[in-house]
Amino acid sequence: MQKFSEEFIKKAVGKIILDRRKALKISQESLAEKLDINIRTMSNIENGHTFISAKTLSKLCEVFNLSPKTFFDIVTDDNNSNSIKLNEITDKLLTGGQKKIDFYYDLINLVDNKDNY
């Protein structure tokens, strides 16, 4: 099993938060306000200098409409390419609304069913 340093984990989680925030076009100031934290703390979290508290994680899940697991899906060299693709797909779905989610869901099912023939 791969070992992760504390610094690596803080930076990886911070990057996940930063990427999600940018994908949703939310300013750092606005997100800090929604999380009820100081903007400096928000910056430190995104830069990997500070780790999120359970309270902040809970609020992030609500704001981003994601499960806590998402914030700990840490990218390594082994799964980097797939994680980047999955994150891009997720970001597009999150910003596209229900209609886009339904469309992609139907498309995936169509492709999966085609492979079964």
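**Close-up 1. The contact of helix H1 with helix H3.** The axes of H1 and H3 come within 7 Å of each other and cross at roughly 115 degrees, where axes are lines fitted to C-alpha atoms, for helices over the stretch in contact, and angles run from 0 to 180 degrees between N-to-C directions. H1 and H3 are therefore roughly perpendicular to each other, given that angles under 35 degrees count as roughly parallel, over 145 as roughly antiparallel, 65 to 115 as roughly perpendicular and the rest as oblique. From H1, the residues Lys10, Gly14, Lys15, Ile17, Leu18 and Arg21 meet Met42, Ile45 and Glu46 of H3, a contact being defined by heavy atoms within 4.5 Å. Sorted by class, this contact of H1 with H3 holds 4 nonpolar, 1 polar and 4 charged residues; Ala, Val, Leu, Ile, Met, Phe, Trp, Tyr, Cys and Pro count as nonpolar, Asp, Glu, Lys and Arg as charged, and the others, Gly among them, as polar. The model shown is a predicted one, in which local features need pLDDT of at least 70 and side-chain atom pairs count only at pLDDT 80 or more, whereas totals for chains, interfaces and linings use all residues. Residues are numbered from 1 along each chain as its sequence is written, and side-chain values use heavy atoms, with hydrogens and water left out.

**Close-up 2. The whole protein, as context for the other views.** The protein has 5 helices and 0 strands, and along the sequence it follows the pattern α-α-α-α-α; helices (H or I, at least four residues) and strands (E, at least two) are DSSP runs, numbered from the N terminus. Of the 117 residues in the protein, 25% are buried, with buried meaning under 20% relative accessible area, exposed over 50%, and partly exposed in between (1.4 Å probe, protein chains only). The accessible surface of the protein comes to about 8,500 Å², and 52% of this area belongs to carbon and sulfur atoms; accessible areas come from the Shrake-Rupley method with a 1.4 Å probe, and for residues only the protein chains shown count as cover. Among contacts in the protein with a separation of 6 or more, 62% are between residues 24 or more positions apart.

**Close-up 3. The largest nonpolar core.** This core has 16 residues, and those with the most contacts inside it are Ile17, Leu31, Met42, Ile52, Leu60, Phe64 and Phe71; a nonpolar core is a set of buried Ala, Val, Leu, Ile, Met, Phe, Trp, Tyr and Cys residues joined through side-chain atoms within 4.5 Å. At least two residues of this core come from each of helix H1 (6–23), helix H2 (28–35), helix H3 (39–46) and helix H4 (54–64), and H4 supplies the largest share, 4 residues. With neighbours within four places in sequence left aside, Ile17 is in contact with Leu31, Met42, Ile45, Glu46, Ile52, Leu60, Phe64 and Phe71.

**Close-up 4. The contact of helix H2 with helix H3.** The axes of H2 and H3 come within 9 Å and cross at roughly 105 degrees, which makes H2 roughly perpendicular to H3. Here Gln28, Glu29, Leu31, Ala32 and Leu35 in H2 meet Ile39, Met42, Ser43 and Glu46 in H3, and the residues of this contact divide into 5 nonpolar, 2 polar and 2 charged.

Close-up 5. Lys10 lies in helix H1 and is buried, with a relative accessible area of 18%. Not counting residues up to four places away in sequence, Lys10 touches Ile45, Gly48, His49, Thr50 and Phe51. Arg20 is also found in helix H1, and at 5% relative accessibility it counts as buried. Beyond its neighbours within four places in sequence, Arg20 is in contact with Phe64, Leu66, Thr70, Asn87, Thr90, Asp91 and Leu94.

Close-up 6. Asn65 is found in the loop between H4 and H5; its phi is near 55 degrees, a positive value in a residue other than glycine, and Asn65 counts as exposed at 63% relative accessibility. Ser67 has its place in the loop between H4 and helix H5 (80–115) and is partly exposed, with a relative accessible area of 37%. The C-alpha atoms of Ser67 and Leu57, which are 10 residues apart along the chain, are separated by 9.5 Å.
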